[in-house]
Amino acid sequence: MAKKKIVVAGGNGFLGTRICKSAAARGWEVVSLSRSGEPVWSSVTSSTEAPPWSKSVSWLKADLLKPATYQPMLKDADAVVHSMGILLEADYKGVLTGRESIWGGLSRAFSATKGGSQNPLERGVGEELRAQEKDGQLTYELMNRDSAIALAQEANAQKVPSFVFISAAAGTPILPKRYITTKRDAESTIASSLPKMRSIFLRPGFLYDSSRTFTLPIAFFGGAGSMINSVVGGRLTALAGAAVEKPLKADLVAEAVVEAIGDDSVKGVIMTERIEELANKAWRRTML
């Protein structure tokens with residue numbers, strides 16, 4: 001496989017670091033974009049030390065809401081990956097940490113609509129995304145939808161041939177419905193407005209890794225739920241969403257992302273079974 005250049009937005013996160021690692025292992029040029037630059041390694045791995053492969057990655061600082069901070073990094077890229085978003089909005093976190101009242105925080109968190117940015121389809125190339133919530137809150141609409149659309153637009157303007165969006169298999173009963181609808185909106189908008197770009201939308205379920213021990217019991221019960229759901233013909237999906245989707249190891253999903261980028265025939269929505277197939281193909285490649 002020819003050497004490629006990929007840019008990973010959110011490259012210092014739980015999944016993003018693993019995408020960077022997988023791409024670096026293939027000898028690709030890898031650029032990570034995030035507000036803080038290099039990861040705090042103890043937050044994404046089981047060690048506080050930077051792993052040897054990390055020296056092969058350019059850990060750059062950029063703000064996805066300000067395209068001017070990352071535009072130059074997209075030049076000559078073969079693929080751009082959007083691997084960042086929010087699972088909990090600030091007001092929802094405030095309830096869990098006691099900074100907001102239960103009623104006030106939850107009523108805001110589960111509201112039917114919230115502001116994102118200005119219409120990203122009417123945004124000029126390089127124009128900053130402006131939060132529409134009065135307190136500048138980072139909402140699902142802003143982070144899960146508009147930042148992805150804007151990044152895809154900027155990549156397209158730089159003639160980047162491929163764009164990968166890390167979406168999700170489904171929502172869950174404990175999250176606002178907007179968590180998943182904003183991701184679906186991003187997928188449909190990118191696919192329809194940028195038809196010449198090869199778009200890949202990965203929809204994994206819950207991601208786990210032994211470096212994050214709290215993810216292991218969640219994955220165990222999720223796996224059990226997935227097996228039960230399979231036995232009943234998938235009828236639990238409408239009720240439980242991602243809670244009954246097969247959990248996947250984060251490294252596996254990262255391998256699937258890089259394999260998908262390297263295979264020009266891969267495009268569109270990629271669900272769990274196909275993610276596993278791509279990861280297995282990547283694994284077999286290392287055995288040759």
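1. Ala168 counts as buried because its relative accessibility is 4%; buried means under 20% relative accessible area, exposed over 50% and partly exposed in between, with a 1.4 Å probe and protein chains only. Ala168 sits in the loop that runs between strand E5 (162-166) and helix H6 (178-193). Helices (H or I, at least four residues) and strands (E, at least two) are DSSP runs, numbered from the N terminus.

2. The model is predicted: local features need pLDDT of at least 70 and side-chain atom pairs count only at pLDDT 80 or more, while totals for chains, interfaces and linings use all residues. Residues are numbered from 1 along each chain as its sequence is written, and side-chain values use heavy atoms, with hydrogens and water left out.

3. Neighbours within four places in sequence aside, Ala168 is in contact (heavy atoms within 4.5 Å) with Tyr179, Ile180, Lys183, Arg184, Leu202, Arg203 and Pro204. Its C-alpha atom is 8.8 Å from that of Phe201, a residue 33 places away along the chain.

4. Helix H5 (residues 140-157) and H6 cross at roughly 15°, and their axes come within 8 Å. Axes are lines fitted to C-alpha atoms, for helices over the stretch in contact, and angles run from 0 to 180 degrees between N-to-C directions. H5 and H6 are therefore roughly parallel; angles under 35 degrees count as such, over 145 as roughly antiparallel, 65 to 115 as roughly perpendicular and the rest as oblique. The H5 and H6 crossing is right-handed, that is, the near helix is turned clockwise from the far one by less than a right angle. On the H6 side the contact includes Tyr179 and Lys183, both of which also touch Ala168.

5. Helix H1 (residues 14-25) packs against helix H9 (residues 250-262) at about 55°, the axes being 8 Å apart. H1 and H9 are therefore oblique to each other. Among the residues making this contact are Ile19 of H1 and Ala254, Val257 and Val258 of H9. By class, nine are nonpolar, one is polar and three are charged; Ala, Val, Leu, Ile, Met, Phe, Trp, Tyr, Cys and Pro count as nonpolar, Asp, Glu, Lys and Arg as charged, and the others, Gly among them, as polar.

6. The largest nonpolar core has 36 residues, and Ile6, Ile19 and Leu202 have the most contacts inside it. A nonpolar core is a set of buried Ala, Val, Leu, Ile, Met, Phe, Trp, Tyr and Cys residues joined through side-chain atoms within 4.5 Å. H9 supplies the largest share of this core, eight residues. Apart from this core lies another, of 24 residues, including Ala186 and Phe201.
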